[in-house]
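The points below go through the two chains and the contact between them. Please read them alongside the sequence and the coordinates.

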Amino acid sequence: MSSQTQNPIMRDIALFAALGVLVLVIFVSQGAVYSVRMLVEAGCYGIIALGLTIQWGYAGLFNVGIMGFIAAGAASSMLMTFPRNPDFWNSGGPELAGLFIVKLIACALALWLANNSNRWGVGPRLRALLITIAIAVSYLVLSFHMTVMSEEIEKASGWMGGLGLPVFFGWIIAGVIAGIIAWFVGKICLGLRSDYLAIATLGIAQIIKHFLKNADWLTNGTLTVSPMPWPVPSPADGEFLFARAAYLSVVAVALLITYLLLQRAYHSPWGRMMRAIRDNEEAAGAMGKNVNRRRLEIFILGCVLMGIGGAMLIHFTSIYDPSGFLDLNHTFLIWVMVILGGSGNNRGAIFGAIFVYIVWVMSEPLAVMLFDAIATYGNQWLGWEAPSDFLSRALQMRVFVIGLTITLVLRLAPQGLLPERQARH
Amino acid sequence: MNDLVFFLNKGITSGLIIGSIYALGAIGLTLIFGILRFAHFAHGDLMTLGAFVTLILAAALAALGVTLPLPLAFVVMFPAMAITAVLAIGLDKMFYKPLRQAGARPVVLVMASVGVTLMLQGVIRLFAGVRSRDMFVEAPKEIYRIPIPGATRNLVVTEPQILLMLFTVVAVIALHFFLTRARLGKAMRAVSDNPDLARITGINTEHVVWATWIIGGSLACAAGTMLSMDVTLKPDLSFNILLPIFAATIVGGIGQPYGAIAGGFLVGFCETLAVFNWSIVLRPFKDELWFDLPSNMSLVPTEYKLMVPFLILIIVLIYRPTGIFKGRVL
């Protein structure tokens, strides 16, 4: 492949310098307030893209459910940090919610016992029966409790409201929740071929979104929650530019820390082992490496980063709207960032995130302009009447372009703009 | 008796219908998975594409003033199946074959199919918008109401539902004979079982790949058309239809067409019966029950319908990753 130049360092510098010029052009042409907003969002995407690049680039795991982890992170962070809802705390709601958690733990315990009953000499038939009973009973108990609880809470107080904790704490919880979900998914799928992981992550993402959209009692459903608290003084207190710049610095610090840690991990024995597993699973297994366990580790780590990045992104937009989580924006766009930037290369992921996000944001007015022009000239020259939803179809054009980019990059430049640099030890 | 008829209408009929649609989709998916060895994520949009081809043909015929005893959409479905099969082969040539020849890992092919699904989605919605469309361009669909003795309610079956069930039966039988009797069908099974051995024995893998896409593409078109004839043509189904079909494929065992059929019906019935309101069936026994009958007693609320195939998928992956028909774990 000709994309591997003689001097990779020069390539890094050249590409990042070009990116800097691009950002500068946008600063000059669009104004500072807008550009800082774009940079903050690009930085959050950068953290998410780093999460993906360690899954895909370090370990070869195919995760198509990034949206789900972003949504889970954002929702849990929202619940932690949003101010308390006094109506809820004065009603019978907390009691019901507490009881739900107790039941949840009891059911998990029962399921665990049934699953491990073979250790205490229970035969396979009986074990299967026990598992079936445990699943059925826990489902009935939990779903019945949830129906009652959601009705009660919605009647008494609309929704639960948050806990009013500091935002940084909320972000950590976002990572923890995303990691727990990843543990479940990974535990089930990582022993099998990567296709299964893709299917399962796709499914879990749709389900998380469906759940958040319908769980009015927990997250206010589609009624949205705003304003989300900021870790820095929010624009309501001061002017936009200052507040956004402060947020940008928080995001930049987080991105930098993540990058440095991941860079260290990549060059450590752990990172070397990961690449060994990615490149030759059998050989790594024969060397005594626990392939599934290492994969689970990296899958969870990646999803934690996605959860944190997602929480940061949604806090910044200051409105939590479960319908706003889209496969296109929150899964496939990130895939384009990672494979275009160069999978397995952390700098590539960051470059890809910022570059692709700028192109993405800039392409929106361009696509609308293009479609507007087509509609106008089509009407003038050909007498063609554009359909009423013509402008909304401009979005579909972008779906097509994202798909085309994925297939073309895979075929023509599978290593991306900044290829992975194999470290020699 | 009325309650039983309600159960037949809402539980059994819709389970059969959605089950056959999933089965038709899953057959193609399982063959692609077994022979080309990757999870084809673009299958859901291939179904939508097929349905759109049918719709265009039907609308063109209706504009010419053609009337037939059967619904136009059903008749033009057969040429549409051929067109979709050609399109599927074209997609393979353009996007999957180069990767296969470059010796890419299977997961790269999965990713390419995600790219293809986005492109199909984009093209379909770019030209057709996102609103639902009616497949019955010439006349509204016929609905048969069959009176049942002893009940005031009728058993309701629509014309497309009957056609769908007939088509599924014929397609399954034809597929069975193709796979067990025809040379190419046997070759497909051989490649699915052991590609290297099949190549050594002189099987033309190229033909097998074509046959896979022809069967997969045409059945996807049929499934998409039937689904949109039963309700409406929704251009934004893609991932929502993909998940149950994947579940059906994996439940049935990968590379097992019969398993895919069984899995399709299993997932279809689980889905309909899980969202079915059981309190209506239990109403006649109201007095003998030990609890008060709630007005709505479905196992899963309708808005969480998607959870059913996912849970089936998860349970199968945990306890029996080979599926019920002992497919492979790739």
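1. Domain bounds, as used here, come from an automatic or database domain assignment. Chain A is divided on that basis into domain 1 (8-85 + 159-412) and domain 2 (86-158). The C-alpha centres of these two domains of chain A lie 32 Å apart. Where they touch, seven residues come from domain 1 of chain A and 11 residues from domain 2 of chain A; two residues are in contact if their C-beta atoms, placed from the backbone, lie within 7 Å. The domain 1 side of this contact in chain A has three nonpolar, two polar and two charged residues. Ala, Val, Leu, Ile, Met, Phe, Trp, Tyr, Cys and Pro count as nonpolar, Asp, Glu, Lys and Arg as charged, and the others, Gly among them, as polar.

2. On provenance and numbering: this is a predicted model, in which local features need pLDDT of at least 70 and side-chain atom pairs count only at pLDDT 80 or more, while totals for chains, interfaces and linings use all residues. Residues are numbered from 1 along each chain as its sequence is written, and chains are lettered from A and ligands numbered from 1 in the order in which they are written.

3. Chain A comes to 16 helices and zero strands. Helices (H or I, at least four residues) and strands (E, at least two) are DSSP runs, numbered from the N terminus. The C-alpha trace of chain A spans about 70 × 60 × 50 Å along its principal axes. In chain A, 81% of the contacts with a separation of 6 or more join residues 24 or more positions apart.

4. Buried residues make up 42% of the 425 residues in chain A. A residue is buried if 20 or more other C-beta atoms lie within 10 Å of its own, exposed if 12 or fewer, and partly exposed in between, with C-beta atoms placed from the backbone. Helix α3(A) has 16 of its 16 residues buried, so α3(A) is largely enclosed by the rest of the structure. This helix covers residues 66-81 of chain A and reaches 22 Å from its first C-alpha to its last, close to the 22 Å expected at 1.5 Å a residue; the expected span is 1.5 Å times one less than the number of residues.

5. Helix α14 of chain A (residues 327-341) is mostly covered, with 13 of its 15 residues buried. It bends by about 25° at A:Leu333, the bend being the angle between axes fitted to the seven residues ending there and the seven starting there. Just after α14(A), A:Gly342 has a positive phi of about 120°.

6. Chain B has 12 helices and two strands, in the order α-α-α-α-β-β-α-α-α-α-α-α-α-α from the N terminus. Of its 330 residues, 47% count as buried.

7. The contact between the chains takes 37 residues from chain B and 35 residues from chain A. On the chain B side, α3 (72-101), α4 (106-128), α9 (238-252) and α12 (307-319) each supply at least two residues. The largest share, 16 residues, comes from α4(B). By class, the chain B side divides into 31 nonpolar, four polar and two charged residues.
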